[in-house]
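Please look at the sequence and the 3D view before reading on.

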Amino acid sequence: MMVTLASRSDWSVLRPLLFQSVAQTLQMVFITLIIGGVLGLVLGVVLYGTRPGNLFENRVVYRVLDFLVNVIRPIPFIIFLAAMQPVTVSVIGTSIGTAAAIFPMCVMCTFATSRLVEQNLVPVDHGMIEAARAMGASTFTIIRTVLIPEALAPLILAYAFLFVGVLDMSAMAGYIGGGGLGNFAIAYGYQKFDQAVTWTAVVIMIVLVQVVQGVANAIAKRLLRR
Amino acid sequence: MTVTQSNDPIISFDHVVKSYPSATAPGGTFLAVNDVSLDIHEGDIFGIIGYSGAGKSTLVRMINALERPTTGSVTVMGTDLAELSGKQLRALRQKIGMIFQQFNLFSTKTVAENVAYPLQLDHWRKDYQIRRVHDLLEFVGLLDHADKYPSQLSGGQKQRVGIARALATNPKILLADEATSALDPQTTMEVLELLQRVNQKFGVTVVLITHQMSVVQQIANCVAVMSSGSVVETGDVYDVFAAPRDPVTKRFIATAMNGLPDEARVAQMREQWPGRLVTVVVRQHDITDSAGQTVISASGQNISQLIARYGVHSELLYGGIDTVRGIAIGAITYEFTGERAHIDEFLAELAKNSDVVDFGSKDDPVEYATAVSRARIATPLHGRGDENAPARDMRGGDNVRGEMALEQVDDVVDMVEDESTNGGEQR
């Protein structure tokens, strides 16, 4: 029997900590997905709409936003977390804790979402947009009733993809005292040489991802059936 | 909105220009539409024909201000479009339906939802919407397909949904942008018949863009021919068919009907029929200008009597007669054999009341260009044309000569048959 697999941790102590970590992770992930997801949707629509030849074509705005997204998105989140610290302090009031982790997560999520949204709107047939314009629909109406519904299935899959990314980000929240499953796995598993604890966190994350992906696939499949 | 006087055009282009920065010459401009002035009257089915890139799509998109003119003005239903605010413009667009080559149906909405979409934009009450959608789907014959998605429909059905959707808010104008170009000939006929019904039943003015002359021939009453951004010829469809002036128009007409044989065809015919080859232009009516003066007179109306009276021997080789707006038009090529002086005399008599193209006999041929130069009928040209052209070339080009006589007479018979089927369907 491998020593590292021996349960040296007391689960009566760990269990409430695990529950708390799951709650923290879910809190971070869902708040980020809601705020970042909505802001990202808006930013993504703006990116799409300002593209040359699109609904509200604007070369300058597109270039600026496109550049911003390209600059921020590739920054490793752990570094982004550190770099954002002064901003986080001025917005949240502290740079430690779950709330302090959610803020940079939302920012990163917004930029990541925007690109995904843009990319999924681009393939929408321009003909449908032109048809709606010809019928007298306003730009906002077109976005609401044509553009987004037409791209809904890929958008839902994109958000499922984002869920994984945000879960990934939330694992790093432990570095700034944000708690969560990532922190649980590192602090009580890795650093205490207890593989069982680490793997418990891993399995819970896998289950979370599978559930979300499964639901998203089912919805997208239903939407795509036509 | 101003009330439109019955004499005022419902759509009027006044020196309209649309220019884009040139893609090839930096700093230069490309004129998509070049100084077009055109009036379209209420109740017209107005065909705008041209090759792709001729500017017809840009022109028609100015009617609902999807495109804005660089200079010049577009007046629709008495309103100068340049004066409208965004909101007023959207209101006007609800009075102008539009259908498209690729149908542009909303793929995630059902047939019924597609048709209801413009009604929602117009804030109709839900129960009115349902009734209206029902009526429209009944009109286009798709009541059974209300809950299907566009991907489950055929091309012709999709376009009928497009038409129902475009008519939902009772528009005064229907813009059809290459509406039949993606459809097979049979479906094209059905859709054209539907457009004609829309025009007749609801008095909707139809503006029809196409590159198929046969489409114009079948349903339009007026036509404008566009080339390189300009309107090169416009007028009543029969007049334009009977007496095309611009080379582009002639090319288009040649694609729609077998008129004058082309040079290769004449050479082929001469191989087997050494006698006098003569094409007789057929025009059932005179063409008169607005003052009542005859511009182009009828032709070929007494050919049969003359052949009988002079007793010349004739073979029917090639050609076709079609009707445009119910008036016969076309050309027939004969071989006349007999004593030369007798045939000359006969042809001189024939030419009194007809346009005749005399290609001469095998022993004494007349050069093609010379023979044609006096004729006022569409000249078939090689190389350009629409999809009809290759089929025709194939027939003429590689056939065993012995079969050709039959083939060519068949052409005429084909047309007559087409004619009767058309007539039958419209009734």
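The model is predicted. The mean pLDDT of chain A is 91, with 96% of its residues at 70 or more. Among the elements of chain A, α7(A) has the highest mean pLDDT, and helix α9 of chain A has the lowest.

| Element | Residues | Mean pLDDT |
|---|---|---|
| α7(A) | 139-150 | 96 |
| α9(A) | 181-190 | 89 |

One stretch of chain A falls below these values: over residues 1-6 the pLDDT is below 50. Beyond near neighbours in sequence, this stretch has 5 contacts in the model.

Next comes a pair of helices. Helix α4 of chain A covers residues 85-92, and helix α5 of chain A covers residues 98-121. Their axes come within 10 Å and cross at roughly 115°. The crossing of α4(A) with α5(A) is right-handed. On the side of α4(A), the contact is made by Thr88(A), Val91(A) and Ile92(A). On the side of α5(A), Ala99(A), Ala100(A), Phe103(A) and Pro104(A) take part. By class, this contact of α4(A) with α5(A) has 6 nonpolar residues, 1 polar residue and no charged ones.

The last topic is where the chains meet. Chain A gives 16 residues to the contact, and chain B gives 18 residues. In chain A, α6 (126-134) and α7 (139-150) each supply at least two residues of the side that touches chain B. Which helix gives the largest share of that side? The answer is α6(A), with 6 residues. By class, the side of chain A that touches chain B has 8 nonpolar, 4 polar and 4 charged residues.

How values were computed:
Residues numbered from 1 in each chain as written. Chains lettered and ligands numbered in written order. Predicted model: local features only at pLDDT ≥ 70, side-chain atom pairs only at ≥ 80, totals over all residues. Axes fitted to C-alpha atoms, helices over the stretch in contact; angles between N-to-C directions. Helix = DSSP H or I, 4+ residues; strand = E, 2+ residues; numbered from the N terminus. Left-handed = near helix turned anticlockwise from the far one by under 90°. Contact = placed C-beta atoms within 7 Å. Nonpolar A, V, L, I, M, F, W, Y, C, P; charged D, E, K, R; others polar. pLDDT = per-residue confidence, 0-100.
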